Amino acid sequence: MSGNTSYPVFILDGQFFTWGKNSHGQLGLGKEFPSQASPQRVRSLEGIPLAQVAAGGAHSFALSLSGAVFGWGMNNAGQLGSNAHSFAERPFGGSGNKWNSDFSLILDRESPCHVKLLRTQKVVYISCGEEHTAVLTKSGGVFTFGAGSCGQLGHDSMNDEVNPRRVLELMGSEVTQIACGRQHTLAFVPSSGLIYAFGCGARGQLGTGHTCNVKCPSPVKGYWAAHSGQLSARADRFKYHIVKQIFSGGDQTFVLCSKYEDRLFRFPFLIPIRVVFALFFFYYTFLTFLFRIDEHFKTSPKIPGIDLNSTRVLFEKLMSSQHSMILEQILNSFESCLIPQLSSSPPDVEAMRIYLILPEFPLLQDSKYYITLTIPLAMAILRLDTNPSKVLDNWWSQVCPKYFMKLVNLYKGAVVYLLRGRKTFLIPVLFNNYVTAALKLLEKLYKVNLKVKHVEYDTFYIPEISNLVDIQEDYLMWFLHQAGMTDLLTDDTVTLCSYPFIFDAQAKTKMLQTDAELQMQVAVNGANLQNVFMLLTLEPLLARSPFLVLHVRRNNLVGDALRELSIHSDIDLKKPLKVIFDGEEAVDAGGVTKEFFLLLLKELLNPIYGMFTYYQDSNLLWFSDTCFVEHNWFHLIGITCGLAIYNSTVVDLHFPLALYKKLLNVKPGLEDLKELSPTEGRSLQELLDYPGEDIEETFCLNFTICRESYGVIEQKKLIPGGDKVTVRKDNRHEFVDAYVNYVFQISVHEWYTAFSSGFLKVCGGKVLELFQPSELRAMMVGNSNYNWQELEETAIYKGDYSATHPTVKLFWETFHEFPLEKKKKFLLFLTGSDRIPIYGMASLQIVIQSTASGEEYLPVAHTCYNLLDLPKYSSKEILSARLTQALDNYEGFSLA
């Protein structure tokens with residue numbers, strides 16, 4: 001549609017062109033462009049799917065598919081719909097002619113400007129007059145603004161309107177068409193078959209039978225109808241005209257119509273449209289599928305307003321062989337034009353929807369197009385400025401989990417593809433750029449997921465990485481980078497450890513072990529260096545051991561452990577641990593250490609000391625509110641737990657996930673209280689879920705908590721003066737938060753601080769930040785994902801034994817018949833722990849060897865080596881009896 005200053009505008013293949021006079025910025029090209037004699041591309045609207053363009057006397061409008069309205073050009077009468085000429089917006093003060101002479105500079109818009117007042121009105125059509133504008137909404141409402149000197153706005157006045165104002169006289173009638181002439185406006189209401197006109201009528205353009213101006217909508221004379229169905233019962237139906245389209249231009253009005261017919265109108269022939277359909281299929285179907293829902297009019301930074309399910313269906317249709325030509329054109333367009341030209345600062349939120357649509361394109365999932373489609377899309381997303389990037393985050397937080405998971409898997413697949421083909425990249429910097437883009441995109445998704453929990457955190461794991469990357473080397477590179485030793489690294493070095501969320505628990509454990517070995521090596525080297533110095537100075541008695549050696553007695557384990565650990569420095573704690581039990585000949589190859597941890601923690605965690613409270617319904621321990629033991633006991637437990645992790649030893653700890661959250665600076669919540677104390681947790685959840693208004697009468701709570709201390713019930717205040725603050729509907733969330741905070745923070749602060757200081761003394765540092773709380777727990781205490789069949793399949797046999805030996809067969813038959821608790825007792829007997837390492841059952845790799853002992857002897861376990869000495873029993877009954885006896889009598893450690 002063109003205006004009277006000869007600047008036609010049109011849309012071609014999603015691109016918008018203008019040319020002609022530009023005295024008031026009506027071409028939308030910006031201040032620096034004079035009038036244009038040839039079509040020029042309006043780049044400020046690129047990326048926005050446009051539904052319509054309209055031009056007035058010296059102003060222009062564009063309408064997006066979601067109803068966003070953009071105006072530019074002359075605004076002397078407010079025809080752009082923005083209140084730009086308020087006194088506050090004047091560039092400088094003054095009065096009279098100077099202000100007026102500058103006034104037009106304020107009003108005119110040289111580039112498209114969003115009319116925000118119309119954003120929520122679901123605009124579907126725009127028409128422009130010389131100095132006024134009319135818009136039509138989806139619900140049939142009409143808004144007008146601009147010059148009103150002839151009544152062309154329909155507001156029963158001759159005043160100008162600088163903001164969009166609804167035509168009240170047309171309310172209650174659903175208008176489906178509007179048209180603007182130079183100074184008049186038309187509206188068609190199909191339900192009544194009436195055409196209304198208002199504004200200048202000097203040339204009879206209103207069709208009212210008069211030549212005077214009209215300030216309110218008035219019916220146009222004539223016999224009009226919207227369709228034949230309205231006339232079937234009328235005797236004079238042949239007088240009527242069926243309105244197809246109304247038009248206005250200058251001082252003229254046109255109505256395109258047809259006569260009433262009794263039978264359906266039929267084309268006399270069919271036009272071959274196969275070729276035309278092929279050319280327009282994608283554009284037309286795209287619009288039909290994506291924007292048939294009403295929500296697309298609500299597009300905003302919080303709502304994408306797009307039907308992604310329909311997007312998926314559309315792309316699936318395109319993948320069929322009959323549309324191969326169209327698919328090829330779309331693919332080429334995406335690769336060469338669309339994705340490379342995506343702006344870092346889209347002109348409107350509507351242009352952001354392309355970032356949700358493109359991941360549904362099936363070819364992005366094909367590894368052949370990772371380099372040309374998938375990775376470039378990630379780069380375009382990462383280029384986005386801060387505000388549009390936040391908009392995309394908001395939209396990602398609202399998509400369905402299935403879509404989100406597909407997006408995560410897409411870029412996980414891209415990372416694996418790049419790592420596998422790493423050596424094929426002739427230019428290393430390309431690989432680094434590509435893999436960094438994929439990883440950073442995953443990081444962006446991961447941060448969104450932390451807030452909305454679309455998927456579990458382990459969805460981001462890439463298990464293949466352990467086989468594709470030397471994790472130890474990668475960790476060392478990351479460690480050097482964290483330590484600021486960047487001079488040893490190249491600028492484009494990619495360290496996967498910078499993205500810890502992609503590593504599974506086993507890979508992270510390998511990192512921790514690498515860190516432990518690194519720290520141990522530093523400590524050992526320091527000891528060896530000092531030993532050399534001592535030898536040279538003839539003071540060999542002062543030489544230091546390269547190990548952390550603890551001498552302890554079984555009957556005074558806690559006291560000896562406190563004494564031994566207190567005399568060692570922090571550096572000594574980083575050395576490999578060796579434990580010597582007084583009076584026992586066992587050489588510590590790992591088994592003695594495991595038993596030391598087991599016995600020491602069993603003693604320290606014993607509830608009789610009052611250090612920990614035992615929760616019967618969860619079988620878990622937590623720090624006691626009141627405790628009379630010294631802080632160094634808690635400090636010792638922390639050191640012991642850190643040493644266990646550092647020495648790759650699984651220990652038996654019955655703490656809730658909350659402990660590991662606190663160690664990683666993650667605040668425990670109500671879900672953690674439900675794990676520790678299910679009864680309390682359920683009660684608090686019932687309080688939060690209670691629908692009634694009578695919470696005070698029903699629950700009778702105040703901001704206090706009752707705790708038992710040595711048989712005495714004490715009331716603790718959750719907040720200052722909490723005993724006088726009643727729990728109500730409006731503060732129940734604060735009560736629950738305070739309750740949980742008391743249990744996990746306030747009441748245990750003193751004891752937890754001592755524990756954590758001991759733990760972090762051994763096992764602190766950057767490497768700990770790589771872990772999730774559940775991963776840290778699994779690494780410390782192992783897990784209970786038992787696979788007894790795998791235990792048998794990975795077993796090793798020595799001496800006369802093999803998998804087919806009769807005694808071995810009897811053993812496994814007997815073992816598999818044991819109940820779960822007895823099987824766990826066997827693990828404790830053989831390995832020193834009844835839980836399995838984080839690497840799984842196969843990592844235990846037990847060894848069974850034959851002995852010359854008679855069948856009256858019991859099986860013997862060498863915990864150091866996970867080795868079982870198994871005599872050649874002649875029957876299943878004898879084997880079962882001897883093994884059961886050995887398990888029941890297990891205590892202590894000996895090489896036997």
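How much space lies in the largest cavity? The answer is about 30 Å³. Before we look around it, some ground rules: this is a predicted model, in which local features need pLDDT of at least 70 and side-chain atom pairs count only at pLDDT 80 or more, while totals for chains, interfaces and linings use all residues. Residues are numbered from 1 along each chain as its sequence is written, and side-chain values use heavy atoms, with hydrogens and water left out.

Let us start with that cavity. Rolling a probe the size of a water molecule over the atoms shows where empty space is left. Here a cavity is a set of points, on a 1 Å grid over the protein atoms alone, where a 1.4 Å probe fits but cannot get out; lining residues have an atom within 4 Å of a point. The volume is the space filled by probe spheres set on the points, which are joined across faces, edges and corners. The structure holds one cavity of 30 Å³ or more. Its lining consists of Gly71, Leu80, Ser82, Arg109, Cys113, His114 and Val115. By type, three of these residues are nonpolar, three are polar and one is charged (Ala, Val, Leu, Ile, Met, Phe, Trp, Tyr, Cys and Pro count as nonpolar, Asp, Glu, Lys and Arg as charged, and the others, Gly among them, as polar). Strand 7 (residues 109-114) gives the most to this lining, with three residues. Strands are DSSP runs of E with at least two residues, and helices are runs of H or I with at least four, numbered from the N terminus.

Next, find strand 10 (residues 142-146). Five of its five residues are buried, so the strand is largely enclosed by the rest of the structure. Buried means under 20% relative accessible area, exposed means over 50%, and partly exposed lies in between (1.4 Å probe, protein chains only). Val142, Thr144 and Gly146 are buried on one side of strand 10, and Phe143 and Phe145 on the other.

Who are the neighbours of strand 10? Strands of a sheet pair through backbone hydrogen bonds, either parallel or antiparallel. Two strands count as paired if DSSP finds at least two bridges between them. Strand 9 (residues 132-137) pairs with strand 10 in the antiparallel sense over five bridges, and Ala134 stands opposite Thr144. Four residues lie between the strands of this hairpin, where Gly140 takes a positive phi near 95°. Strand 10 is also joined to strand 11 (residues 161-166) by three bridges, again antiparallel, with Gly146 opposite Glu161.

Another sheet is open, with three strands in the order 16-17-18 and mixed pairing. Strand 16 runs parallel to strand 17 (residues 241-249), with two bridges, and Trp224 has His241 as its bridge partner.

Now turn to His184 in strand 13 (residues 184-189). His184 counts as buried because its relative accessibility is 0%. Its side chain makes polar contacts with the side chains of Ser248, at 3.5 Å, and Thr253, at 3.0 Å. A polar contact is a pair of N or O atoms within 3.5 Å; within protein, one must be able to donate a hydrogen and the other to accept it, and residues adjacent in sequence count only if both atoms are side-chain atoms.

Finally, visit Lys510 in helix 12 (residues 505-536). With a relative accessible area of 32%, Lys510 is partly exposed. Leaving aside residues up to four places away in sequence, Lys510 touches Ile471, Gln472 and Tyr839, where contact means heavy atoms within 4.5 Å. Lys510 and Tyr475 are 35 residues apart in sequence and 9.3 Å apart in space, C-alpha to C-alpha.

Terms used
On a 1 Å grid over the protein atoms alone, a cavity is a set of points where a 1.4 Å probe fits but cannot get out, and a pocket is an open set with protein on both sides within 12 Å along at least five of seven lines; lining residues have an atom within 4 Å of a point.
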